[in-house]
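Subject: Structure for your files

Dear colleague,

Here is the structure I said I would send. My notes on what turned up in it follow below.

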Amino acid sequence: MTLLHHEALMEAMGAAEWDEKLVVTPLLDQSQVGEASIDLRLGTDFLLLRRTLRAGVELIEGKGEESSAEQLQARIDSLYDRRTIAFGDGLWLHPQQFALGATLEFVRLPPTLGAYVLSRSSWGRLGLLVATAVMVQPRFAGALTLELVNEGDSPIKLYPGAKIAQLAVHSLPSVMEFAKSDPSYKWPTGPQPAKLRKDQEQLEKIKRLGKKLASV
């Protein structure tokens, strides 16, 4: 596994073969392609995590009733407020506040490449964490959701279009034929709320197993 440097990044983005081509678009400035990473800009759409009257985020029902994937997703979606911020305006992120943003760029990885989304140090030194789920799988295509957390003591104003993160791309030892993007996040064009259907299914199985073991 090798980290791609500037020349390799430019070669991957200019590849003629689709199974080798790295897509990061639009690049508003060629200087976004650095020595070993690509700067990513903040998009205009945000999901703000709302405080809820519920006790918390619960993946399975506590009264013996299994909830459907649709019911679970509806509960999760209700935790967010959607905001669109115009270019030139900003969004204040207060200390300990959490929000979901997305990259302005559309990113597509071929089956020969993987990537990591990393915070830029200039924002990190203000206390801003940009990505808490950093791995980007081969064959991913879409805008990357950014988990934005203000860990500092002062509010931070976030501007759409600002260089907010960086993409470190690495080659894989062979083509990942088995690699498939998570269908829950297929071709996203903005920030995506949590999709926990698979986690719910596993927890439901564990819950049923627990009942069987308790009856033994």
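**Strand pairing**

Strand β4 (residues 45-49) and strand β7 (residues 98-108) run antiparallel and are joined by two bridges. Please keep in mind that this is a predicted model. On β4 there is also a pairing with strand β5 (residues 80-84), again antiparallel, and here the bridges number five.

Which residues stand opposite L48 in these two pairings? In β5 the residue facing L48 is D81, and in β7 the bridge partner of L48 is A99.

**Salt bridge**

How many salt bridges does a search of the whole structure find? The search gives one. It is formed by the side chains of D39 and R120, with an N to O distance of 3.6 Å. The two residues belong to distant parts of the chain, 81 residues apart. D39 is in strand β3 (residues 38-41), while R120 sits in the loop between β8 (113-119) and α3 (121-124).

Why can such a pair form? Side chains of opposite charge can pair when their charged atoms come close. In this case the 3.6 Å between N and O counts as a salt bridge because the cut-off is 4 Å.

Are the two partners buried or exposed? D39 has a relative accessible area of 11% and is therefore buried, the limit being under 20%. R120, at 23% relative accessibility, counts as partly exposed.

**Aromatic rings**

The count of aromatic pairs is zero.

**Surface patch**

M1, Y116, L118 and M135 make a nonpolar surface patch of about 390 Å². One of these residues, M135, lies in strand β10 (residues 135-136). M135 has a relative accessible area of 36%, which makes this residue partly exposed.

**V23 and P110**

V23 lies in strand β2 (residues 23-25). Its relative accessible area is 15%, so V23 is buried. Along the chain V23 and P110 are 87 residues apart, and their C-alpha atoms are separated by 8.6 Å.

Regards

Definitions and conventions:
Residues numbered from 1 in each chain as written. Predicted model: local features only at pLDDT ≥ 70, side-chain atom pairs only at ≥ 80, totals over all residues. Heavy atoms only, no water. Helix = DSSP H or I, 4+ residues; strand = E, 2+ residues; numbered from the N terminus. Buried < 20%, exposed > 50% of the residue type's maximum accessible area, 1.4 Å probe, protein only. Phe/Tyr/Trp six-rings, centres within 6.5 Å; stacked < 30°, edge-to-face > 60°. Patch = residues over 30% accessible without salt bridge, like charges linked within 9 Å, V, L, I, M, F, W, Y side chains within 5 Å. Areas by Shrake-Rupley, 256 points an atom, 1.4 Å probe, with all protein chains shown as cover. Pairing = 2+ DSSP bridges.
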